[in-house]
Structure formats: C-alpha cells, structure tokens
Amino acid sequence: MAGSTDGETMSTPTHVADSHDLIRVHGARENNLKDVDVEIPKRRLTVFTGVSGSGKSSLVFSTIAAESQRMINETYSAFIQGFMPTLARPEVDVLDGLTTAIIVDQQRMGSDSRSTVGTATDANAMLRILFSRLGKPHIGSPQAFSFNVASISGAGAVTMERAGQTVKERRSFSITGGMCPRCEGRGSVNDFDLTELYDETKSLNEGALRIPGYSMDGWYGRIFRGCGFFDPDKPIRKFTKKQLHDLLYKEPTKIKVEGINLTYEGLIPKIQKSMLSKDVEALQPHIRAFVERVVTFTVCPECDGTRLSEPARSSKIKGISIADACAMQISDLAEWTKSVKDASVAPLLASLRHTLDSFVEIGLGYLSLDRPAGTLSGGEAQRTKMIRHLGSSLTDVTYVFDEPTIGLHPHDIQRMNNLLLRLRDKGNTVLVVEHKPETIAIADHVVDLGPGAGTAGGTVCFEGTVGGLRTSDTVTGKHLDDRASVKETVREATGALEIRGANANNLRDVDVDIPLGVLCVITGVAGSGKSSLVHGSIPADEGVVAVSQAPIKGSRRSNPATYSGLLDPIRKAFAKANNVKPALFSANSEGACPNCNGAGVIYTDLGMMAGVSSTCEECEGKRFQASVLEYHLGGRDISEVLAMPVAEAREFFGDGEAKTPAAHKILTYLDDVGLGYLSLGQPLTTLSGGERQRLKLATHMGDKGGVYVLDEPTTGLHLADVEQLLALLDRLVDSGKSVIVIEHHQAVMAHADWIIDLGPGAGHDGGQIVFEGTPVDLVAKRSTLTGEHLAAYVGT
C-alpha cells in the first residue's frame, strides 16, 4: 500500500467479508407477490408498508423469515429435524445474504391454564431460586416454590445386582413441590351442577345423561351396561348412595365387557380429564356451552388463588412470600428486588432486575407475574416475547416484527420506537411490518407494497427513504401526513348505559354513563382499564354485539365463505340451478376431490426429512371432483366462484342469472369492513390478525343487537383504510345503532361523538375516569396524556 502523504489519512481497503451488506430477494412469488425484487440493507431498520393484503407479510414472513428458519433447521441432524415443524422452500428465485431470523409475531401465547406471564419468561424461575436460597424458613429446592410440581413421596424394595448376587434393599424418596394439593396448581376449583349432568327421572338407557358425546349407542353405552355397578334401566333418583358414587366419582377400574378389557371411570373425573384440563376458550362451541352451564369456577379456598401450597407461601424474604411477589405489579416488584441485597445471589438478582426493568421499559410494568398468559392481548404477548431479546448478546441477526405498536397508546409508541432502534444499534437487521406513521418515520429504509390488495397488490411501489416516500405518488405516501380534524358538531345521545361501582381488575369503583345512539370511544394508555370497563361491566345480553380480538379458530379448510356462512346460500343456489344436492358443492363433503379429500394440495410426510405440499394433480388445486365442476351458475363453476375476490362476487351475486340476495347481503358486509380484496376460498390460516377481526365484525353486521362493542378495529389497517372504517362506523350509528369502540388511533378519537379517557397511568396507577366529553373539549383542556397527543395530532 502506498504510504500516506502529509495531511492525508491512510485509506484502508474494505475487507471482502464486509461487502455482504444486503439481503437480496429476486423473483418472490409467495401468495400474491408478482416476481418481487428488493434489496434490503443489513444492520438497518427497514419498515414494510402498504394497504392490508398488499403482500407485506408474504414478503417478510413467508419468504425472508421462512427461508432463514428453513435453512437453520437443515443444519440439524435428520433425527432432530423429525421433531421440528416442516417448512417448504418459499416460491422465490434467489434469496441471498440471509442471517438468522428471530420472529416476534402477534400469535397469542399458550393459553394453558398453567401458563402465566412469569412462567412464559424467566422471571418465575429466577424468583424460585431466590426464595430457595434466601427464604425463611428454608423449605427446599426451587421446585418447592413451583405450582407445577406436586409433592410426592414413596417407599419400597429395590432389587439390584451386587457382587454376582441379587440383593433387595428398602429405599424411600420424597419430592417437595409447591403445587396446592386442592386445586392442583390451577388457582381455581370447580363445582358441578349435577342437575345439568343428568335427568334423575330417567334411567341411563332412557337417555338420562346430558353430556355431549356420552351416548348409550356407542362405547359409553357398552361400559355403563356391562360394568355391573348399577342398573342402567333404573331411574337415577332411585340409585343407592354407593351406586350414585360409582356413577359420578369412581376411580379408574379395569372391567371386562363382552370379552373386551375396558376401563370404567366416574363421570366427574372423566369430564375433568377430557374437558376441564383444557382452556375453556379452546373447546368446541357445544362443549364450551356445556362446560359453562355445568361447571362453576371459584377461587381455590385453600391457596386463595395463588396456586401454591401452604409451605411455599410460608417462606418469606423481608416479609414477602413468592405468592405476594408474583401478585405485585411488576413495576413494584422491580422496586422491591432493589431492596434485597445478598452477595451470595448478586448475579441472580442483577439478572432478575434486568428482566423486570425490561417489562417496565417496554410498557408492561402494569402486569403481574401471576397473570395467566392466555389473557394477554396480541400486542401484550408480542411485547412479552420481546423481553428475552432485549438483553441478548446476539448481534448480526435479523429481527422480524409484525406491527409491534398494536394496542399501544401514542404515549407508548415512542418507547417501542426506542427499543427497535436499540436492537438496530447493536448491529442487527430489524424488519418491521407497520402502518403507524410514528414508526414509519424512524425507518432507515422503507419498502412500500401495493398498489392495492390481493390480486391488485404484490408489487413494490416504492423503495427508499421516508422523505422519498412522502413525495412519492403511492397510497402510503399520499396518506402518511394525513391528519383527521376534530369533529365540531357531534350527535346527541339517545340514552345512556349506566355503569356503577365497576371494580374488575384495576378499576376503582368506577361510575360512568356510556351514551347510546352515538359513536363513543373508550381510550387511555395500555393497562389503564379500558377492556376491564367495557368487557367486564357491559352486560353481554341479546342487545350487545361484542367483537373482541380473540383469535378465530379455523383449520386450513376454513375460509371466509365457510366462516361467514356465505357458502350455504351459494351451495343452495348452485343446487337449485342444476337440480342436484347442495352437498356436492362442498369441498368438505360429497363434492370433494377423492385424491386430495378436498384440500386442493397433497401433504407428503417424508418422516425425518422435511414434509412437502404439492398441488393436487387430479383437481389442479380446485378441490372439487371433475363432475361437480360441470355444474354452472351464471356461467361460473363453484371453484371459479370461490376464487373470486369479495368485491367481484358481490357484483356477481347481486344481479343477473346468479342473483342470490342472501349471499349478496353477506358479501356487502364483507366489502363494507374493507375485505373486498379477499378471495372467498382463501384459507383462514393465511389471514392477518386485523383481517380476522374485520371478518368477525362482518359476520356480526346482520345481528339484531342495538349496541356494537369493538376492540381496536383499526388493528392491521392501513392509513387509507381507516377512512373506510370510520365511514362504516358512521353508517352503523346513522342506522340507529350505538357503537362503543376501545381505540388508540387518533383519527378514530377525533371522529368520536363522545370520549371516555381512563388513566392517568397503567395498572394500579390507572382504573379511573380522567375525562368524559367531546373531542373538542379533550383537545382544548389537554388535561390528560390522550388530550396532549390528540392535540399534537390535529395540530392545534
């Protein structure tokens, strides 16, 4: 290298290893992507924007992240790969420069009743070690503080070979666990209403049992008739005490019926194992209705809902037991751990404090560690998953986020932005799918997809800086600086929904009148008590239609047509036009292609190798038998109809030969909520969280209820689509409905007739009404966090 002259600095040539600074994607065709080519800078924050359904998730999750994970899985042995989810290679020509991808998505956390915020993170594990070392009195190892470990003991003879002789020795063992023996670590006990289990005036053979699936025609009938513990022809009210006990509570007992070895078990332990061991929300609707009717869940009287045994609750540090610590608000627990000082556990305490401080920093300080994981919203679950990455020593990895600002008040979005920038500044590539202008503004690089949704999207409309996006002619660029103006004239309420003394969760005896006949927005920082007020206090009677963020449960065979009930009138219209049975036009019934059973694809499990799915050659992915596709309605066969986008199908069934009023009505609702681009047969498993909620809203649009309760309906909506949603809410109110919306989006607040603001903070710092009135008054007073942010948003 030539030496440097005076005043010159020595130029160092770039090492070849530093030249790989781009993730290159060429020819991406996943879902609706149309041969997309993009180059994404590494160690930068890239935000992907575009209207709902434009292909953002297809590019980021289904292409880049999926291929990264697939390639990592391939580094394991074939044996280990057999235990991992099988991933097919994405439809893409070239993917170059990939790094390890860590996906932080909106999937709800495990809804098992034993899973809590503490067990889902490392916080509970560290607390258990802390109490096992410092707790007084000392009761045992960390598992003595775990509500998932039962205390057991046993003794017996052990046979072993010693010096060529068989020797028997007596051994005993004991395990001290922290599980409450009464509720088995669940925190609640259940009582059965026996009158709902059976009709005591009938015998078993007369159909006395009212339990779903417990029919006398099948195996249960054989067991009850052949067990010999009672007379199946005798009315249950005439059973002796022992016979009734055997019917209800008998422990599993081996019996022989008609020469077959079977196990008889009482009804109640059987129901507890088959139905109550699962999360109630995950049960099939008819079983869930039965459980809710028959079983009452009450707080366990022995452990007072803490899930822990008496010894585990008796061991304390500075007067605080592990049950008290887990019940504390995390921000308070973080303060308490700072008062605990002991050199022997100093590294553990430092790690625990960091985890708890991360909760506070990320805006989740209002949670407690004993909060069931299944009760967290999608946004809360995503932020909880982020915690384990904040202190990670890993660098040069790709973090992929799916709308991390969901469920966040404008006040909290700045915090989230700082966290994303921190991850980037550690040398990581951060990819974010996002709609909020506040997060788009901090991007180093923006990729805007569109121009429309579904088949009208799938192309890159813009790639560059935020400044360039602002001046571009794309839909996102045009709407990036949109600011809704505060509604000057508001509707007059026609009545009020009175709530008195609401004290669910963190609410403090709240009294409030929610106006009816108007658009009422309930707002406040995350954790201030909005959902507790609305879902916990508004009676869910026939007049109230609640559309929550609970995920839609559906397999890859479910689609918008089956979920919304649209397929029924379509099948009937096809059947009537062709004079055949409606069942022929169902891919899950008689009309299914016999080769793929109506799935449209063939799933091949290759054992230890990655399984693959390929389009069915017989039906070419159409899912129906060839003979069914010969029947037409309005010149289209059933597979062509299911491939139509909602907007096209609305026109198709609205007029002409295919006119079907029942189908047209449902399609109108789907189009109104902004799902006009979805094809009728698209699997539910491919829909985003926002799309699923709007699909749910569409199915309730025809309900007769007078009050609609919506939980953050702008979730997953592009700036341009929010206007359409506001128009829909206006139409609902103008038609005589009352609309109550839990929302953080300032455009929805500005459009409200009445705002109820909760706060002032989160958790025990919230739970109060801090403002009631019109948006104009909220902006004028600026007395709350919401008021300040709304005033800044509308530019006053």
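Guide: Happy to. Helices here are DSSP runs of at least four residues and strands are runs of at least two, numbered from the N terminus. Keep in mind that this is a predicted model.

Visitor: Then where does threonine 474 lie?
Guide: Threonine 474 sits in the loop between helix H17 (466–471) and helix H18 (475–479).

Visitor: What makes threonine 474 count as buried or exposed?
Guide: Buried means under 20% relative accessible area. Threonine 474 has 10% relative accessibility, so it counts as buried.

Visitor: Which side chains make a polar contact with the side chain of threonine 474?
Guide: There's aspartate 448, at 3.0 Å, and serine 472, at 3.2 Å. The cut-off is 3.5 Å between N or O atoms, so both pairs fall within it. Leaving aside residues up to four places away in sequence, threonine 474 touches Asp448, Cys461, Phe462 and Leu469.

Visitor: And phenylalanine 79, why does that one get its label?
Guide: Exposed means over 50%. Phenylalanine 79 comes out at 55% relative accessibility, so it counts as exposed. This residue is found in helix H2 (residues 78–81), and together with Tyr76, Ile80 and Phe83 it forms a nonpolar surface patch with about 460 Å² of accessible area.

Visitor: Which residues of helix H29 are buried?
Guide: In H29 (residues 785–794) they are Thr786, Gly787, Leu790, Ala791, Tyr793 and Val794.

Visitor: What makes asparagine 505 and glutamate 712 worth a look?
Guide: Most residues other than glycine have a negative phi. Asparagine 505 has a positive phi of about 50° without being a glycine, and glutamate 712 also has a positive phi of about 50°.

Visitor: Are they buried or exposed?
Guide: Asparagine 505 has a relative accessible area of 72%, which is over 50%, so it's exposed. Glutamate 712 has 11% relative accessibility, under 20%, so it counts as buried.

Visitor: What kind of peptide bond joins glycine 450 and proline 451?
Guide: A cis one, with omega about 0°. Glycine 759 and proline 760 are joined by a cis peptide bond too, again with omega about 0°.

Methods
Residues numbered from 1 in each chain as written. Predicted model: local features only at pLDDT ≥ 70, side-chain atom pairs only at ≥ 80, totals over all residues. Heavy atoms only, no water. Buried < 20%, exposed > 50% of the residue type's maximum accessible area, 1.4 Å probe, protein only. Patch = residues over 30% accessible without salt bridge, like charges linked within 9 Å, V, L, I, M, F, W, Y side chains within 5 Å. Areas by Shrake-Rupley, 256 points an atom, 1.4 Å probe, with all protein chains shown as cover. Salt bridge = Lys/Arg side-chain N within 4 Å of Asp/Glu carboxyl O. Polar contact = N/O pair within 3.5 Å; in protein donor to acceptor, adjacent residues only side chain to side chain. Contact = heavy atoms within 4.5 Å.
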